[in-house]
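I opened this entry to keep track of what I looked up, going from the whole chain down to single residues.

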Amino acid sequence: MDAIELDNPSLKGVLPKEYARPSLDKKRLGELVDLIGNVGFNKPGQDSKDLLGRVYEYFLGMFADAEGKRGGQFYTPESIVRLLVEMLEPYHGRIYDGCCGSGGMFVQSEKFLKAHGGRIGDIAVYGQESNPTTYKLAKMNLAIRGIDAKIELGDTFHNDKHKDLKADFIIANPPFNISDWGGEQLQDSHLWKYGTPPAGNANYAWLQLFINKLGPNGTAGIVLANGSMTTNSGNEGEIRKKLIQKGVVDCMVALPTQLFYNTQIPACLWFLARNRTNHKFRDRSKEILFIDARNLGQMVNRKNKKLGDEDLAKISETYHAWRNLDGNYEDISGFCKAASLEEVEANKFVLTPGRYVGAEDIEDDGIFFEEKVATITSSLSEQFAKSNELQERIKVNLAKIGVDI
């Protein structure tokens, strides 16, 4: 551990050095060293960074599953992180996460860059985490993969370690609906350009913090609880109204349930942009894209669901088709809708995608209505007759044991 810290100054004081403790089982420690010592790091697709990184990610996921709610602060499910990264496309520039957990957002950004032939040196990574244990996990997670990142320890609201940063991309999953974020001490903060968030819920504090961190053409993807799209309590409705009117909200995605290890609270994705009229993409300042992805995803076990490659492609390609200059976007009933700001205002500034996308079109099977009714009627008639027959048989059987109905 000392040698690793010497080679990686960013890990100084982070790694555990508990191997001399009398309570540590020496036999098991020896077996563990032998086990790792015999792993072949020279096989195709198993270079040390990739293999160790995947093992580390696997254990983080299992830990989050086993720990339930407490484990959730360490880990955002991979499919959600992948979706955020696929939609934002962070090819180059500064990437920021003010509640970075174990660093999964940064890892996926690196994987995305590699998959699209980009260079790791084209992105600069900045993060902050308030939980000391999680902070250490993030530092190790990034060091294993050789990602050079400036991760700081501290409360982002009360002790911002990246005060002057203006990010090109923000990818974040802040803790849902937290009430103990110290909002009472920040009532006059410079962050609240769209209104002071309630002290009892940090959702709209996170949104405004991230908007403040965006560069002139920056974009952000943020995971929040579904309630954030409709709430009117504690000035939140007014803040949401101003965010919409100022043209900061770019896209809203409703996610399927059961994606998280630690909570059953339904979640959504907010995509924010500082400048929706810039030349890089088409002018989207007069509309918001709504995507209802609640019916997507596959169960991976009895408790959890994940978004597959096709699901991720369907959602991200819809966003790109709508956003890009050469996109060929079309509304799809029950899935996506580009709504005007007037439509959003008519819906009292509620941002739930289901409000806008409508019902899914049902494919015509070519059978006439009268024919369907005749088939159903015939089937019902048979079932009624069978029901009467079964009732009579039950009565006869009950009579045999002296029960008369």
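**Whole protein**

I began with burial: of the 405 residues in the protein, 44% are buried. I note that the model is a predicted one.

I then listed the secondary structure and found 12 helices and 11 strands.

Next I looked up the surface. The protein exposes about 22000 Å², and 52% of that is supplied by carbon and sulfur atoms.

I also checked how far apart in sequence the contacting residues are. Among contacts with a separation of 6 or more, 70% are between residues 24 or more positions apart.

**Nonpolar cores**

Which residues touch the most other members of the largest nonpolar core? I found V253, L255, L269, F271 and I315, in a core of 47 residues. Helix α4 (residues 78-88) gives this core its largest share, seven residues.

I went back to I315 for its neighbours. Leaving out residues up to four places away in sequence, I315 touches L83, M87, V253, I291, A293, L296 and F335.

**A surface patch**

I turned to the outside and noted a nonpolar patch formed by M1, I4 and Y19. Together these residues have about 270 Å² of accessible area.

I placed I4 in helix α1, which covers residues 2-7. Why is I4 called partly exposed? Its relative accessible area is 40%, and partly exposed covers the range between under 20% (buried) and over 50% (exposed).

Terms used. Residues are numbered from 1 along each chain as its sequence is written. This is a predicted model: local features need pLDDT of at least 70, side-chain atom pairs count only at pLDDT 80 or more; totals for chains, interfaces and linings use all residues. Side-chain values use heavy atoms; hydrogens and water are left out. Patches are made of residues with over 30% relative accessible area and no salt bridge: like charges are joined within 9 Å, nonpolar side chains (Val, Leu, Ile, Met, Phe, Trp, Tyr) within 5 Å. Accessible areas come from the Shrake-Rupley method with a 1.4 Å probe; for residues, only the protein chains shown count as cover. A salt bridge is a side-chain nitrogen of Lys or Arg within 4 Å of a carboxyl oxygen of Asp or Glu. Helices (H or I, at least four residues) and strands (E, at least two) are DSSP runs, numbered from the N terminus. Buried means under 20% relative accessible area, exposed over 50%, partly exposed in between (1.4 Å probe, protein chains only). A nonpolar core is a set of buried Ala, Val, Leu, Ile, Met, Phe, Trp, Tyr and Cys residues joined through side-chain atoms within 4.5 Å. Contact means heavy atoms within 4.5 Å.
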